[in-house]
Amino acid sequence: MAQNASQLEHFGRALVDLGLINEELVVLDPDVAASTKVTYFAERFPERFIRIGISEQDMIGVAAGLAASGKTPVACGFAMFVACRSWEQISSSVARPELNVKIVGSHSGLSPNADGDSHQTYGDVAVMRVIPDMKVVVPADAPEAVEALGAIVDTPGPAYLRLARGATPVAYTEGCEFTLGRANVMRDGSDASVIANGVMVPIALEAAGSLAREGISVKVVDMHTVKPLDTDAIVKAAAETGAIVTAEEHSVIGGLGSAVAETLVEKRPTPMERVGIMDRFGESSRSYSALMAKMGLTSDAIEEAVRETMRRK
Amino acid sequence: MLRTINKNQVLILTNIPRVPASITSVLRGISRRHKIPLSTLKRNAQILKEFNLIAYGDPPNFSGVELTELGRFISNLTVGEEPTVHGNMVQTRSGFRPLGTVIKDLRKTVLRMIAEAGSGHLGASLSAVDILAILYMIKMKHDPKNPSWKDRDRFVLSKGHAAPALYAVLSEAGYISPDRLMTLREIGSQLQGHPDMEIPGVDASTGSLGQGLSIGVGMALASKMDGSGSRTYVLLGDGELNEGQIWEAALTAAHHGLDNLTAIVDRNGYQLTGRTEEIKAMDPLADKWRSFGWEAMEADGNDPASILDALNACDLTTGKPSVIIAMTTKGKGISFMEGNKYSRKTPDAQELKRALKELT
């Protein structure tokens with residue numbers, strides 16, 4: 001596998017670049033700047049960096065007020081607290097009036113491995129996806145996170161960007177192609193398709209590589225945007241390969257797996273398996289990969305799911 | 001300074017509309033209503049201009065007349081000192097009318113709207129009418145012809161369930177056509193049970209209690225960043241203060257020294273199921289705000305002069321946000337509705353008739 005890179009590190013530096021272009025861009029911080037890497041922005045544009053203190057719900061309201069006055073606020077905190085704790089504020093104060101607030105959830109999924117299950121986020125995509133007109137983006141790696149940030153800042157209205165803590169495997173190169181709502185085909189195949197997002201994209205590519213050695217040809221789709229969902233890409237993958245596996249670092253309830261299942265049931269019923277967090281809480285682990293393995297988020301799990309869907313064709 | 005201003009000058013200062021209008025038309029209006037020769041008023045306007053209290057261009061380079069920063073300050077002080085603010089003429093959709101009459105009409109409109117809709121928070125709307133009227137008719141800098149004017153003052157109805165009162169005032173000010181008021185809570189109408197920014201003049205979508213002060217903080221921060229003189233007003237319910245987010249926002253506002261932010265607590269003493277002090281005690285309320293770093297003052301929230309005095313005092317506060325604990329009566333204005341009886345009850349035809357009669 002390719003080398004690792006930190007999504008947050010790249011995101012933090014990209015914010016500075018965007019701040020140079022967009023004078024209305026402001027960043028709000030619920031006292032986690034050092035972790036979310038918005039410190040680069042704070043150093044460069046102290047007058048556009050707003051300390052909120054540890055109060056995510058207030059932060060979302062303040063962002064709404066800033067957006068109502070013409071600013072482009074980026075409210076960045078841990079996914080569990082900025083997205084899940086503040087869900088109703090996001091729905092009522094931001095999304096209902098379609099305000100131009102960009103919400104960034106860091107430390108998503110199991111990536112705060114050592115902190116344990118109070119910090120691990122399994123439902124943020126589900127709760128963001130249910131909000132009308134909310135854009136929900138889960139980039140695969142650091143280069144894609146940079147492009148995704150640029151895209152949501154360029155697109156008016158509310159958006160949620162989900163990022164991982166720490167360095168994660170890289171699947172893209174800098175300046176990669178990214179269009180909001182259009183999936184990227186990472187690898188073509190004919191026997192089955194893996195539709196993945198976030199850190200599961202590089203793992204899906206690894207799975208496709210080992211299945212290829214068994215003679216199984218797997219298509220890998222990076223569904224970085226969960227909403228608006230690229231349903232055409234899902235139907236096309238189902239038509240081409242007749243077997244679908246989803247892979248996400250999120251509960252299989254309500255996230256990418258659910259979104260793909262909804263599409264397939266309505267448009268093209270196809271044998272399908274979901275790889276993700278199986279309706280359970282995580283736990284502390286000093287090793288991220290050990291926790292991912294224990295929770296079933298591995299290349300092996302994807303490979304087994306691919307074989308299972310192929311049996312059901 | 002005030003001593004040097006004569007009665008005619010006070011009239012001019014207090015009657016300059018917050019929307020663009022020519023000096024001649026403003027003076028003609030005053031001349032007609034108060035039977036003062038136009039030439040006298042013109043001379044006094046010239047003096048006010050020299051004092052830098054008002055500004056207007058001379059023909060042919062005409063531009064509208066407006067109060068200068070100092071002029072607005074003195075105008076507000078002067079209005080507050082008038083024996084009856086009720087008698088003060090304010091600009092409405094249908095021309096200049098006495099504030100007292102406007103406020104009575106607003107209460108009638110609120111009653112009719114809620115009776116027509118068949119549901120709505122009548123008591124909480126009636127307690128807030130005077131505050132809303134003073135803000136939109138006298139205090140705030142805004143322009144119904146240009147609702148998205150960047151440098152306007154902002155208003156957030158954090159107690160969004162008083163929406164009927166806000167809609168009534170916005171209509172009187174010229175934002176909402178009066179014939180739409182009776183579509184309150186009807187399917188397809190912009191006038192939902194709680195305010196939505198889709199409505200021209202509504203600066204924030206509210207309704208979920210506890211969220212408006214944070215929104216006001218964001219607006220006040222944006223105004224500071226832009227160097228705009230715009231102020232932000234947030235109307236809170238006293239029951240709403242149960243919500244923790246209010247106190248998060250109170251800390252944020254104080255930390256950032258937002259002296260361009262004024263919160264007003266509609267202290268009617270009741271929340272949905274009973275007295276605030278019996279459900280979750282809030283007193284001593286002003287002390288709570290002070291300990292959070294706010295300038296706090298009390299006012300009679302159903303007395304226009306008292307509200308205006310307090311609002312003017314807030315303008316003088318520097319380095320910290322200010323809050324007015326506005327003591328009000330729920331259901332204010334209709335004897336048999338005062339208290340908590342009409343918190344959610346809708347008046348029937350007979351009650352509506354009786355209530356409207358009390359307001360004539």
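1. At the interface of domain 1 of chain A and domain 2 of chain A, 20 residue pairs are in polar contact, both residues at pLDDT 80 or more. A polar contact is a pair of N or O atoms within 3.5 Å; within protein, one must be able to donate a hydrogen and the other to accept it, and residues adjacent in sequence count only if both atoms are side-chain atoms. Two or more residues each come from α7 (124–129), β6 (135–137) and β8 (167–169) of chain A on the domain 1 side, and α7(A) gives the most, with four residues. Helices (H or I, at least four residues) and strands (E, at least two) are DSSP runs numbered from the N terminus.

2. The model is predicted: local features need pLDDT of at least 70 and side-chain atom pairs count only at pLDDT 80 or more, while totals for chains, interfaces and linings use all residues. Residues are numbered from 1 along each chain as its sequence is written, chains are lettered from A and ligands numbered from 1 in the order in which they are written, and side-chain values use heavy atoms, with hydrogens and water left out.

3. Chain A comprises domain 1 (4–169) and domain 2 (184–311), with bounds from an automatic or database domain assignment. Their centres, taken over C-alpha atoms, are 25 Å apart. Contact (heavy atoms within 4.5 Å) involves 33 residues of domain 1 and 34 residues of domain 2.

4. The two domains of chain A bury about 2,400 Å² between them, 57% of it on carbon and sulfur atoms; buried area is the accessible area (1.4 Å probe) that two parts lose on being put together, summed over both. Leu110(A), Tyr122(A) and Arg129(A) supply 31% of the area buried by domain 1 against domain 2, more than any other three residues.

5. One salt bridge is counted between these domains, the term denoting a side-chain nitrogen of Lys or Arg within 4 Å of a carboxyl oxygen of Asp or Glu. Arg129(A) forms a salt bridge with Glu262(A), the closest N and O atoms being 3.1 Å apart.

6. Between the chains, 25 residues of chain B are in contact with 24 residues of chain A. The buried area is about 1,900 Å², of which carbon and sulfur atoms give 53%. Gln211(B), Met225(B) and Glu248(B) supply 26% of the area that chain B buries against chain A, more than any other three residues.

7. One salt bridge is found across the interface of chain B and chain A. Asp226(B) and Lys71(A) meet in a salt bridge at 2.6 Å, N to O. On the side of chain B that touches chain A, α8(B) has the largest share, nine residues.
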